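This note is written for a colleague who is meeting the structure for the first time. The points below take up the packing of the helices and then a few individual residues.

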Amino acid sequence: MANQKLMDAYEKVFDAQGEIKPCGRGACISLIEECEKVKHQVYFGDSHTGRMDIEAIKWLVTIEKES
């Protein structure tokens, strides 16, 4: 079962088509932090600036949805 906090954070940042919403830096930082909680050894972005590694985030969400 997918991590609900991660999925909620993802849905605040990305729309149904996988495009980034105008959500603000705080939402991006929260998403990065949730990703790091699940897979702390993977780089998902800079949790200070909110700059995301979109490919890594989408990879993790795909894996979580499949579990």
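1. A convention on angles is needed at the outset: those under 35 degrees count as roughly parallel, those over 145 as roughly antiparallel, those from 65 to 115 as roughly perpendicular, and the rest as oblique. The model discussed here is a predicted one.

2. Helices H2 and H3 may be taken up with this convention in hand. Their axes cross at roughly 55 degrees and come within 11 Å. H2 and H3 are therefore oblique to each other, and their crossing is left-handed. On the side of H2 the contact is made by Leu31, Ile32, Cys35 and Val38, and on the side of H3 by Ile57, Leu60 and Glu64. By class, the residues of this contact of H2 with H3 comprise 6 nonpolar, no polar and 1 charged.

3. Helix H1, residues 4-13, also packs with helix H3, residues 54-66; the angle is about 135 degrees and the axes are 11 Å apart. H1 and H3 are therefore oblique to each other. H1 passes H3 in a left-handed crossing. H1 contributes Leu6, Met7 and Tyr10 to the contact, while H3 contributes Ile57, Lys58, Leu60, Val61, Glu64 and Lys65. The residues of the contact of H1 with H3 fall into 6 nonpolar, no polar and 3 charged.

4. H1 passes H2 in a left-handed crossing.

5. The contact of H1 with H2 deserves a separate listing. From H1, the residues Lys5, Leu6, Ala9, Tyr10 and Val13 meet Ala27, Cys28, Ser30, Leu31, Glu34, Cys35 and Val38 in H2. These residues of the contact of H1 with H2 divide into 9 nonpolar, 1 polar and 2 charged.

6. Is Glu34 buried or exposed? This residue belongs to helix H2, which spans residues 25-38. The cut-off for a buried residue is a relative accessible area under 20%. Glu34 has a relative accessible area of 13% and is therefore buried. The side chain of Glu34 makes a polar contact with the side chain of Lys37, at 3.2 Å. Leaving aside residues up to four places away in sequence, Glu34 touches Lys5, Leu6 and Ala9.

7. Lys5, one of the residues touched by Glu34, is found in helix H1. The relative accessibility of Lys5 is 59%, so this residue counts as exposed. Lys5 and Glu34 are 29 residues apart in sequence, and their C-alpha atoms are 7.0 Å apart in space. The reader may therefore wish to view the two residues together, since Glu34 counts as buried and Lys5 as exposed.

8. The loop between H2 and H3 holds Asp53. With a relative accessibility of 27%, Asp53 counts as partly exposed. Not counting residues up to four places away in sequence, Asp53 touches Tyr43, Phe44 and Gly45. Asp53 and Ile32 are 21 residues apart in sequence, with a C-alpha to C-alpha separation of 8.6 Å.

9. Which residues does Arg51 touch, not counting residues up to four places away in sequence? They are Ile32, Gly45 and Asp46. Arg51 and Lys12 are 39 residues apart along the chain, and their C-alpha atoms are separated by 15 Å.

Definitions and conventions. Residues numbered from 1 in each chain as written. Predicted model: local features only at pLDDT ≥ 70, side-chain atom pairs only at ≥ 80, totals over all residues. Heavy atoms only, no water. Axes fitted to C-alpha atoms, helices over the stretch in contact; angles between N-to-C directions. Helix = DSSP H or I, 4+ residues; strand = E, 2+ residues; numbered from the N terminus. Left-handed = near helix turned anticlockwise from the far one by under 90°. Contact = heavy atoms within 4.5 Å. Nonpolar A, V, L, I, M, F, W, Y, C, P; charged D, E, K, R; others polar. Buried < 20%, exposed > 50% of the residue type's maximum accessible area, 1.4 Å probe, protein only. Polar contact = N/O pair within 3.5 Å; in protein donor to acceptor, adjacent residues only side chain to side chain.
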